[in-house]
Amino acid sequence: MSNLYKELEQYRDSDYYPFHMPGHKGREDFYGGNALKAAYGIDITEIDGFDNLHQPEGIIKEAQQEAAKLYGSEETFFLVNGSTCGVLSAIMAATKRGGRLLMARNCHKSVYYAVYLQELEVSYLYPGMIEGYGIADAISAASVERMLKEIPDIEAVILTSPTYEGIASNISEIANIVHEYGKPLIVDEAHGAHFGFHKELPENAVRQGADLVIHSVHKSLPSMTQTALLHVSGERINRERLRRYLKIFQTSSPSYVLMASIDLAMNLMREEGHARLEHLIRLRRNLIKEMAPCKHLEIPSSFLAPDGQIRTIEAGKIVIGIKDGALTGQQLYDILREEYHLQMEMAAECYVLAVTSLMDSEEGLKRLARSLFEIDQRISDFEENKKPKYEFNKDRKRGCPEAVMNIAKAIAISEEKGYDVIPLCEAKGQIACEFLNLYPPGIPIVVPGEKIDDGIIEAVQSGLDMKLNMLGVEDGKIKVLQYDST
């Protein structure tokens, strides 16, 4: 038997509870019985009567139209190569080669890949950071307007809302400003496919006026991994160009299993979305209430933002904070996984992130509450492993690292002239030729073409010390350009 399949079976049949994506949480009952058997039975190609994703005229077209009605867009496309292909297609359609993109620095790495492919120049929007957590705050409309005033050659704007930790920007206000300048707004709402279905959640970015919106259906809804939606509205985007890029970035053999799971998720949201979200919100409230007596661990429902405003954490995300450096995020993550069989989504410096969805059970949330309460009581048992916490960007000015060249040029130089592999501690002043990022969530600390400074070295080394998953570093070494600016 395949080792991969065997391991997957073992995880499925174990008592581990999944506080991670995908949103279906392994609930086979949602798919009508034996999920794998059902998947093989409906895994077909483009045969008569089953339409074609790349030129839909029948059942796929109808399914996409129904999804568009659900979210309020003029047109919606099913994506089977993940949100990544939607992000790539959106940016390529909204910009010209060599043009300029205004983007939030905390965008997903797929945005940076589009920047590379389109050889774009970039201007960055830097969000503030939530004190004590190092979590990116919302993007302010004022910062967007300031950049559009100062840089007239910007062709499009893209930002991420909600963030990985569940903080949403005011998309309606931002969209109005972006449109005043005649530019399109792209919103990577990958983690917000459930927005707009309950009054305690933000409205979705489509209805708030964004021109292009990407939803990762598998993150918060019960759809299979790799499924997503791309919504388009208005006249600012050339739709023929958009369709061309979708054909490029999507497989020529789209999975009917994945498309069917999107359609099932859309149907569930139409019929049961509000009720299931009401249930999830209640479970989250109960969890926060049960955690209130804890001395070392906390689950905030909101944060105090740098501008003095309160930022609510959306209901699908559970940020488990660790006070006073009692543990690192990775240590709490490991304890939950190894001792309590609760698999979290990610570990950061001083918190752990749990992702919930419409499919989570009351027992699952109760298990989490009991486990966290017990860990809080035992916190002194872990004192010998305690390490001081570090907040990425805590002591760095709110600006971009110095960009010596754009991403495309940096990668081209590394391919043509080669690169050096040097210890991270010796990299100050060198130019990065590779992305360095904590994954998840996949937000770069430094990108190709930027000069490495002390703050970057400190942030990356701190992540390594805490055994976080730091991409772009191998054996304490990184790749830098062989480049003489003279």
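How many cavities of 30 Å³ or more does the count come to? After that, look closely at helix α9: which of its residues are buried?

Reply: This is a predicted model, where local features need pLDDT of at least 70, side-chain atom pairs count only at pLDDT 80 or more, and totals for chains, interfaces and linings use all residues. Residues are numbered from 1 along each chain as its sequence is written, and side-chain values use heavy atoms, with hydrogens and water left out.

The count comes to 1 cavity of 30 Å³ or more. A cavity here is a set of points on a 1 Å grid over the protein atoms alone, where a 1.4 Å probe fits but cannot get out. The largest cavity has a volume of about 40 Å³, taken as the space filled by probe spheres set on the points, which are joined across faces, edges and corners. It has 10 lining residues, meaning residues with an atom within 4 Å of a point. H191, K219, S220, K317 and V355 are the closest to its centre.

Now to helix α9, which spans residues 239-249. Helices are DSSP runs of H or I with at least four residues, and strands are runs of E with at least two, numbered from the N terminus. Buried in α9 are R239, L242, Y245, L246 and F249. Seen down the helix axis, these buried residues fall within an arc of 120°, so they line one face of α9. The arc is that of the directions from the helix axis to the C-beta atoms. An α-helix has 3.6 residues a turn, so residues three or four places apart point the same way. On the other side of α9, E240 and I248 are exposed. Buried means under 20% relative accessible area and exposed means over 50%, with a 1.4 Å probe and protein chains only.

What covers the buried face? The cover includes β2 (75-79), α4, α5 (109-117), β9 (212-215) and β10 (228-232). Take S89, in helix α4 (residues 82-94). S89 is buried, at a relative accessible area of 0%. Leaving aside residues up to four places away in sequence, S89 touches L242, Y245, L246 and F249; contact means heavy atoms within 4.5 Å. A polar atom of the S89 side chain lies 3.4 Å from the backbone oxygen of Y245.

At the start of α9, a side-chain oxygen of N238 comes within 3.0 Å of the backbone nitrogen of E240.

Key:
Polar contact = N/O pair within 3.5 Å; in protein donor to acceptor, adjacent residues only side chain to side chain. 1 Å grid on protein atoms, 1.4 Å probe; cavity = no way out; pocket = protein on both sides within 12 Å on 5 of 7 lines; lining within 4 Å.
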